[in-house]
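The following note sets out, point by point, what may be read from the coordinates. Confidence and overall form are taken before the contacts between chains.

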Protein chains: 2
Amino acid sequence: MGQSDEFDLAKSPGQLLHRAQQFAADHFAKAMPKGERLTQRQFAVLAATAANEGLNQSKLVKTTGIDRSTLAELVARMAEKDFLTRTKVRGDARANAIHLTEKGRAAFETALTGAIDADTAILDALPKGKRNNFLKSLTRIASTIEQAEAARKAEKKKAKDAAKKALKKARKAKKAAEKLQKNAQKTPET
Amino acid sequence: MGQSDEFDLAKSPGQLLHRAQQFAADHFAKAMPKGERLTQRQFAVLAATAANEGLNQSKLVKTTGIDRSTLAELVARMAEKDFLTRTKVRGDARANAIHLTEKGRAAFETALTGAIDADTAILDALPKGKRNNFLKSLTRIASTIEQAEAARKAEKKKAKDAAKKALKKARKAKKAAEKLQKNAQKTPET
């Protein structure tokens, strides 16, 4: 019971973030017609593309903070829905240049009103002198998340590489053992 | 195009909140077995009840910051799933005393580990000297949201009451007019 005695909903950063985020998301959603509402992630992809037409997926990961595999699916779905186009880049088979379609730009412009509205509502809740520090802290959290994510991926890759190496070594050892066994069977008993 | 020129994803409080919240939510979810994951809102209800067994719905609204109609549905669903019990309070037909079931308490204790983990991860992303101010700002945003919500509801009620009053007046006027018309018809032409 020690943990639950110490936990206070009203002071939990996770809970407070959730409430503030919910408020922003509601403001954001209200600006769009029902049935055509973008998620904040979809909006982030449109905004990043609008600001930098022709960017590739790596750049999108960096700008939106969405992890690579989630983003790949998101971009594919948004292309299907005719918000984006992806065109092959000459000389790089894996890279796509991403552009907004007309529909994508229109959706972005509508959602933008909601995003600005939400941002204003959040900042208005704070005294002027506190706004800058609050934003700095949020930015710091976002960049820490990215670094942690990158470190986690590097760690995972390292573990995978080590496992691969160990497997290769084990296979080699097995082969050598099999050879020894064969030779032993061939050698006539004395 | 003015708006979109000014908008910067990396400086948008709404987007930054979304990223930080996503990070907290991921940490929170990881502590729970898949298929039995609580949402942050469900967790808030369990935590508020654990801290104050027997509380009523109004108190829950106040503690969790969830609006009344959303909360009513949430509590009903959680009672169906055997996380909570609601018992009638003597002398107040509308109030229920809410308690955790054994299942509810177990779910709370498991999720609590995730909530504390998420909270630690968020605060660890900030230098020690910035943590307190960040929490204060988040708390301020949460309380501003509540006040705005309360004001919006009061405004809505006021408008509804005014409409009701106007309707009553109009009906009365109609009746009076009908009476006048009837009398006019009864009066022989001169």
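1. Helices here are DSSP runs of H or I with at least four residues, numbered from the N terminus. On that basis Ile122(B) lies in helix α6 of chain B, which covers residues 102–124.

2. The model is predicted. Chain A has an average pLDDT of 89, and 96% of its residues score at least 70. For the complex, the predictor reports an ipTM of 0.77 and a pTM of 0.75.

3. Chain A contains 7 helices and 2 strands, arranged along the sequence as α-α-α-α-α-β-β-α-α. Its radius of gyration is 26 Å, well over the 16 Å that the globule rule gives for 190 residues, so chain A is more spread out than a compact globule. The C-alpha trace of chain A spans about 95 × 60 × 30 Å along its principal axes.

4. The domain assignment divides chain A into domain 1 (12–125) and domain 2 (128–190). Taken over C-alpha atoms, the centres of domain 1 of chain A and domain 2 of chain A are separated by 32 Å. Of the 190 residues of chain A, 28% count as buried. Among contacts in chain A with a separation of 6 or more, 54% join residues 24 or more positions apart.

5. How are the two copies related? Chain B is superposed on chain A by a rotation of 179° with 0.0 Å of shift along the axis, at an RMSD of 0.2 Å. This is the relation of a two-fold axis. Within chain B, the C-alpha nearest the axis belongs to Phe134(B), at 3.0 Å from it. Both copies use the same surface, since 100% of the contact residues of chain B recur in chain A.

6. Is Ile122(B) buried or exposed? Ile122(B) counts as buried because it has 27 C-beta neighbours inside 10 Å, where the cut-off for burial is 20 or more. Leaving out residues up to four places away in sequence, Ile122(B) touches Pro13(A), Gly14(A) and Ile141(A), together with Ala20(B) and Ala24(B). Glu146(B), 24 residues from Ile122(B) in sequence, is 23 Å away from C-alpha to C-alpha.

7. The largest nonpolar core has 74 residues, of which Ala20(A) and Ala20(B) touch the most other members. Beyond its neighbours within four places in sequence, Ala20(B) is in contact with Leu17(A), Leu138(A), Ile141(A) and Ala142(A), as well as with Ile122(B).

Technical notes
Residues numbered from 1 in each chain as written. Chains lettered and ligands numbered in written order. Predicted model: local features only at pLDDT ≥ 70, side-chain atom pairs only at ≥ 80, totals over all residues. pLDDT = per-residue confidence, 0-100. Domains from an automatic or database assignment. Buried ≥ 20, exposed ≤ 12 C-beta atoms within 10 Å, placed from the backbone. Contact = placed C-beta atoms within 7 Å. Core = buried A, V, L, I, M, F, W, Y, C linked by C-beta atoms within 7 Å. Least-squares fit on C-alpha atoms with pLDDT ≥ 70 in both. Rg over C-alpha atoms; globule rule 2.2 N^0.38 Å.
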